[in-house]
Amino acid sequence: RDKISTFLFSFFSVEFVVGDKPVEKFRMIERHYFRDQLLKSFDFEFGFCIPGSTNTCEHIYEFPQLSEAQVQDMIDHPFETASDSFYFVNDKLVMQNKAFYSYKSSLE
């Protein structure tokens with residue numbers, strides 16, 4: 001669970017280390033939800049990763065425009081905003097991560 005004071009994420013950075021075998025077709029799909037509503041889905045392809053390497057990948061993306069009522073609803077209901085991250089190697093799911101978020105007003 002993370003507490004976050006801002007809503008618009010425009011920068012995504014990930015660093016990962018590859019073991020002694022090459023990683024083919026590394027891909028991450030990330031979905032952001034508020035309750036049962038999908039806010040945004042991202043699909044990042046990292047491609048081939050060299051054995052024994054440390055890799056950093058940065059993405060800049062636009063988060064959807066939310067109404068003031070939606071933002072307030074997210075503030076009023078902590079940890080009902082979530083993300084699911086799915087990690088694939090050679091089109092096979094190898095890991096999934098779920099995170100829940102609590103937001104606060106920038107006026108607090």
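Me: Which residues in the largest nonpolar core touch the most other members?
Reply: This is a predicted model, so keep that in mind throughout. The largest nonpolar core has 21 residues, and Phe-16, Phe-26, Leu-39, Phe-46, Cys-49 and Met-74 touch the most other members.

Me: Which elements each supply at least two residues of this core?
Reply: Strand 2, strand 3, strand 4, helix 1 (68-76) and strand 7 (92-103) each do that. Strand 4 gives the most, with five residues.

Me: OK, aromatics. How many aromatic pairs does the structure hold?
Reply: There are six aromatic pairs. Take Phe-16 and Phe-46: their ring centres are 5.6 Å apart and the planes sit at 75 degrees, so this pair is edge-to-face. Phe-16 is in strand 2 (residues 11-17) and Phe-46 is in strand 4 (residues 37-49), so the pair ties together parts that are 30 residues apart in sequence.

Me: Are those two buried or exposed?
Reply: Both Phe-16 and Phe-46 are buried.

Me: And how do the rings of Phe-26 and Phe-46 pair up?
Reply: They're stacked, because the planes are at 25 degrees, with the ring centres 4.9 Å apart. Phe-26 comes from strand 3 (residues 23-34) and Phe-46 from strand 4, so here the pair ties together parts 20 residues apart in sequence. As for accessibility, Phe-26 is at 12% and counts as buried, and Phe-46 counts as buried too, at 15%.

Me: Which residues do the ring pairs link into a cluster?
Reply: Phe-16, Phe-26, Phe-46 and Tyr-87.

Me: Switching topic: where does Asp-84 lie, and is it buried or exposed?
Reply: Asp-84 is in strand 6 (residues 81-89). Its relative accessible area is 9%, so Asp-84 is buried.

Me: Which side chain does the Asp-84 side chain make a polar contact with?
Reply: That would be Lys-98, at 3.2 Å, side chain to side chain. Leaving out residues up to four places away in sequence, Asp-84 touches Ile-29, Glu-30, Arg-31, Tyr-33, Gln-96, Asn-97 and Lys-98.

Me: Now the backbone. What's the phi of Arg-35?
Reply: Positive, about 55 degrees, although Arg-35 isn't a glycine. That stands out because most residues other than glycine have a negative phi. Arg-35 is in the loop between strand 3 and strand 4, and it is partly exposed, with a relative accessible area of 39%.

Me: What about Asp-91, what's the phi there?
Reply: Asp-91 also isn't a glycine, and its phi is positive at about 65 degrees. Asp-91 is in the loop between strand 6 and strand 7. With a relative accessible area of 53%, Asp-91 is exposed.

Me: Last bit, the whole chain. What pattern does the protein follow along the sequence?
Reply: β-β-β-β-β-α-β-β, with one helix and seven strands.

Me: How many of the 108 residues count as buried, as a percentage?
Reply: 37% of them count as buried. The protein exposes about 7,300 Å², and carbon and sulfur atoms supply 50% of that. For contacts between residues at least 6 apart in sequence, 62% join residues at least 24 apart.

Key
Residues numbered from 1 in each chain as written. Predicted model: local features only at pLDDT ≥ 70, side-chain atom pairs only at ≥ 80, totals over all residues. Heavy atoms only, no water. Helix = DSSP H or I, 4+ residues; strand = E, 2+ residues; numbered from the N terminus. Buried < 20%, exposed > 50% of the residue type's maximum accessible area, 1.4 Å probe, protein only. Polar contact = N/O pair within 3.5 Å; in protein donor to acceptor, adjacent residues only side chain to side chain. Contact = heavy atoms within 4.5 Å. Phe/Tyr/Trp six-rings, centres within 6.5 Å; stacked < 30°, edge-to-face > 60°. Core = buried A, V, L, I, M, F, W, Y, C linked by side-chain atoms within 4.5 Å. Areas by Shrake-Rupley, 256 points an atom, 1.4 Å probe, with all protein chains shown as cover.
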